[in-house]
Amino acid sequence: MIVMLEGSDMFIKSAALYDAIYSWKNYADEAEKIHALIQKHKRSSGNTLLDVGCGTGAHIAHLQNFYVAEGLDLDEQLLEVARQRHPDTAFHHGDVADFNLSHTYDVIVSLFSAIGYVKTVARLNQTMQALAQHLTRGGVILIEPWFTPDVFKVGTPHATFVNEPDLKIARMNVSHVEGNVSILDFHYLLATKQGIEYFTEHHELGMFTREEFAFAFQQTDLKMIYDEQGVDGRGLYIGTKP
């Protein structure tokens with residue numbers, strides 16, 4: 001989950017652990033699927049790409065095999081990791097609902113449910129306006145959504161474990177909701193050669209319906225297509241700019 005929420009950084013302690021926690025994701029395979037979808041829908045002649053909610057740049061590492069890629073995120077801790085790993089890539093600090101990079105891109109992607117961090121329908125509408133303004137004519141936007149309210153399961157315990165020689169992580173949470181916002185209070189137990197540490201992180205992700213996404217797209221000049229499967233089984237919203 002990539003932070004695009006207003007306010008302070010949320011990954012202050014876990015940013016350095018992010019890629020280890022999500023090491024199960026096949027970013028290379030996802031990049032190939034994303035590239036195929038882009039080539040299917042893109043009509044512009046350029047090759048520039050902006051990853052919104054880029055986090056540590058794990059998708060960019062593979063997407064830059066096909067595109068001149070840049071990243072945007074609001075969390076400085078994640079961006080610091082991304083810049084260290086990809087020193088030749090441009091990473092921008094900004095709020096997805098209110099950013100201005102003064103130029104447009106042929107492709108804009110927002111993956112791994114990062115869009116959920118905009119939290120409210122009002123900010124979703126703002127976000128779509130900002131993204132549309134940064135898209136070149138003939139370009140394409142791909143947005144991988146967070147869970148919808150009818151799918152999200154309340155009260156379900158979740159656990160993720162990392163078992164590397166010099167790094168042990170246990171991350172657990174029990175999900176709950178407030179209105180149409182899912183609340184994820186992560187509890188971390190971290191063991192390294194320096195010792196054992198416990199800390200928590202609070203995350204809030206808006207659960208948007210397909211109708212709310214459709215309305216957000218309608219407020220722009222983008223044409224929307226919904227892909228049921230998407231990249232990772234969470235569905236995918238595809239927007240094209242005539």
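Author: Let's start with Arg 137 and Asp 221, whose side chains meet in a salt bridge at 3.2 Å, N to O (a salt bridge is a side-chain nitrogen of Lys or Arg within 4 Å of a carboxyl oxygen of Asp or Glu). Arg 137 sits in strand E5 (residues 135-143), while Asp 221 is in the loop between helix H6 (210-218) and strand E11 (223-227), so the pair ties together parts 84 residues apart in sequence. Helices (H or I, at least four residues) and strands (E, at least two) are DSSP runs, numbered from the N terminus. Arg 137 is exposed, at 51% relative accessible area, and Asp 221 is partly exposed, at 34%. Buried means under 20% relative accessible area, exposed over 50%, and partly exposed in between (1.4 Å probe, protein chains only).

A quick word on the source: this is a predicted model, where local features need pLDDT of at least 70 and side-chain atom pairs count only at pLDDT 80 or more, while totals for chains, interfaces and linings use all residues. Residues are numbered from 1 along each chain as its sequence is written, and side-chain values use heavy atoms, leaving out hydrogens and water.

Now for Lys 25 and Glu 30: their side chains form a salt bridge too, at 2.7 Å, N to O. Both Lys 25 and Glu 30 are buried.

Then there's Arg 85, which pairs with Asp 19, the closest N and O atoms being 1.7 Å apart. This pair links distant parts of the chain, with Arg 85 in helix H4 (residues 76-85) and Asp 19 in helix H1 (residues 18-21), 66 residues apart. Arg 85 is partly exposed, at 45%. By this rule, the count comes to 10 salt bridges.
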